[in-house]
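This briefing is for a reader who is new to the structure shown below. It opens with a few lead sentences and then goes topic by topic.

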Amino acid sequence: MASVSSQPQFRYTQPPSKVLHLRNLPWECTEEELIELGKPFGKVVNTKCNVGANRNQAFIEFADLNQAIAMISYYASSSEPAQVRGKTVYLQYSNRQEIVNNKTTADVAGNVLLVTIEGEDARLVSIDVLHLVFSAFGFVHKITTFEKTAGFQALVQFSDTETASSAKNALDGRSIPRYLLPEHVGPCTLRITYSAHTDLSVKFQSHRSRDYTNPYLPVAPSAIDGNGQLTVGLDGKKLEPESNVLLASIENMQYAVTLDVLHMVFSAFGPVQKIAMFDKNGGVQALIQYPDVQTAVVAKEALEGHCIYDGGFCKLHISYSRHTDLSIKVNNDRSRDYTIPNNPVVNSQPSILGQQPVSGMGPTVQYNGAPFTTTPEQPAMPQPSAGWGPGVPPMHQSMPMQMHNNPYMPPGTMLPQVAPGMMQSSIHSGMPQSSMLPPYGSGQMR
DNA sequence: AGCACA
């Protein structure tokens with residue numbers, strides 16, 4: 001008897017087993033493909049795919065040992081190697097006699113994905129970036145993020161399993177496109193499994209959890225009181241807590257910026273409830289109130305640093321206000337409550353305000369995505385730049401991420417806007433291929 | 001291209 005312990009770990013001939021070990025698989029390999037591969041030789045009773053660190057190994061278990069032997073024998077003498085998606089697959093008997101399928105929740109498809117963000121700077125990936133990335137595949141209902149021993153993780157809830165699966169198939173193992181991350185942030189790779197959850201519980205909108213189905217969900221108290229982590233942004237800089245009320249200051253105000261111009265500009269992102277203008281530090285500032293935080297976030301991201309008029313005039317600087325509900329005592333040319341239909345207009349420009357069909361405006365009004373359903377008159381002063389003009393959605397060109405969580409855009413029309421030049425091809429093809437996702441780094445680095 | 005528990 002030769003000593004067993006001196007045997008090398010991998011021998012060229014394993015003792016037969018009805019379980020086969022497969023290697024060099026494409027990492028996208030599915031259970032179905034394994035079954036297809038084994039079917040000609042017998043009944044495949046169990047499989048396990050995406051095994052190993054590179055997810056390029058798998059196991060096939062046949063009902064009968066002879067079937068496994070048939071498959072090994074066939075490919076041992078075949079001139080054509082076994083292939084999956086054009087890749088040569090190497091087969092051998094497994095050193096185990098059956099597949100132990102710890103079929104955990106991670107393998108059972110569901111509408112909620114468990115996303116692990118890998119990388120040095122994983123925790124610097126914002127919930128907004130995650131939302132943007134996953135929105136390319138369908139309406140994202142909710143996202144929660146948290147830190148576990150596994151690292152920085154997120155749960156992403158879709159409407160259904162199919163949408164979740166398409167996102168998982170396209171994104172698992174891929175890296176978040178560089179241009180979505182701050183410059184100094186290193187590569188962040190997504191590892192995705194299914195979660196057992198079907199409906200996440202999001203109590204507040206915060207920097208770590210969002211409910212995109214409920215625009216009226218209150219902002220987390222913890223996000224308001226400046227409690228450590230929640231207020232630290234991508235740069236490690238302090239973030240102001242998000243708010244449904246924006247504070248806009250206007251730089252280089254060569255032209256008068258009227259209440260109506262502001263209303264027009266800010267209405268592009270959702271219903272504006274109230275605006276109050278006032279003078280501060282020799283300039284003009286305005287508070288703009290939306291019904292919900294998300295809309296304000298979108299408007300802020302889209303408008304910050306942009307000019308209302310061409311030529312660098314009336315540059316907007318936007319921050320979050322600590323207000324949540326403005327007190328508008330009277331409607332005039334400096335302040336207005338659009339939620340009150342018949343508020344008397346004092347000292348204003350009736351030719352403009354009087355024509356605004358504002359009676360329907362309010363938190364519950366349906367906003368159809370066209371920026372100006374309540375088309376105001378042209379402002380008395382120069383036309384706002386083309387990008388902001390009436391009827392022209394102000395989202396294109398230089399603003400990569402603006403409308404991504406606008407609750408007023410139906411999900412279907414969101415998709416193409418969500419990630420310009422990024423993932424449209426995979427959206428429409430339904431069967432994403434790695435070559436169709438250029439911005440994503442391959443999961444296999446060599 | 002080389003054996004699974006997440």
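**Overview**

Ala276 has Leu287 as its bridge partner in β14. The model is predicted, and the mean pLDDT of chain A is 77.

**Strand β13 and its two partners**

- β13 covers residues 274-280 and β14 covers residues 283-289; the two run antiparallel and are joined by seven bridges.
- One position in this pairing is Ile275, whose bridge partner in β14 is Ile288.
- The hairpin of β13 and β14 has two residues between the strands, and Asn281 takes a positive phi near 50° there.
- With β17, β13 pairs in the antiparallel sense over three bridges. Here the bridge partner of Ile275 is Arg336, so Ile275 is bridged to β14 as well as to β17, where two strands count as paired if at least two bridges are found between them.

**Helices on the sheet**

- How many of the nine residues of α6 are buried? Nine of the nine are, so the helix is largely enclosed by the rest of the structure.
- The buried residues of α6 include Leu259, Val261, Leu262, Met264, Val265 and Phe266. Asp260, His263 and Ser267 of this helix are buried too.

**Salt bridges**

- The count of salt bridges in the model comes to 12.
- Lys274 forms one with Asp325, and their closest N and O atoms are 2.8 Å apart. This pair links distant parts of the chain, since Lys274 is in strand β13 and Asp325 is in the loop between β16 and β17, 51 residues apart.
- Is Lys274 buried or exposed? Its relative accessibility is 9%, so it counts as buried, the cut-off for buried being under 20%.
- Glu118 and Arg191 meet through their side chains in another salt bridge, at 3.4 Å from N to O. Glu118 belongs to strand β7 (residues 112-118) and Arg191 to strand β10 (residues 189-194), so the pair ties together parts that are 73 residues apart in sequence.
- Glu118 counts as partly exposed, because its relative accessibility is 33%.
- Lys39 and Glu36 also meet in a salt bridge, with 3.2 Å from N to O. Lys39 is partly exposed at a relative accessible area of 49%, whereas Glu36 counts as exposed at 52%; the cut-off for exposed is over 50%.
- A network of salt bridges links Asp128, Arg210 and Glu242.

**Aromatic pairs**

- The count of aromatic pairs is six.
- In the pair of Tyr74 and Tyr75, the ring centres are 4.9 Å apart and the planes are at 85°, so the pair is edge-to-face.
- Tyr74 and Tyr75 form one aromatic cluster together with Phe41.
- Tyr74 has a relative accessible area of 43%, so it is partly exposed.

**Confidence in the model**

- In chain A, 69% of the residues reach a pLDDT of 70 or more.
- Residues 348-381 have pLDDT below 50, and this stretch has 69 contacts in the model beyond near neighbours in sequence.
- Residues 386-446 also have pLDDT below 50; for this stretch, the contacts in the model beyond near neighbours in sequence number 131.

Technical notes
Residues numbered from 1 in each chain as written. Chains lettered and ligands numbered in written order. Predicted model: local features only at pLDDT ≥ 70, side-chain atom pairs only at ≥ 80, totals over all residues. Heavy atoms only, no water. Helix = DSSP H or I, 4+ residues; strand = E, 2+ residues; numbered from the N terminus. pLDDT = per-residue confidence, 0-100. Contact = heavy atoms within 4.5 Å. Phe/Tyr/Trp six-rings, centres within 6.5 Å; stacked < 30°, edge-to-face > 60°. Buried < 20%, exposed > 50% of the residue type's maximum accessible area, 1.4 Å probe, protein only. Salt bridge = Lys/Arg side-chain N within 4 Å of Asp/Glu carboxyl O.
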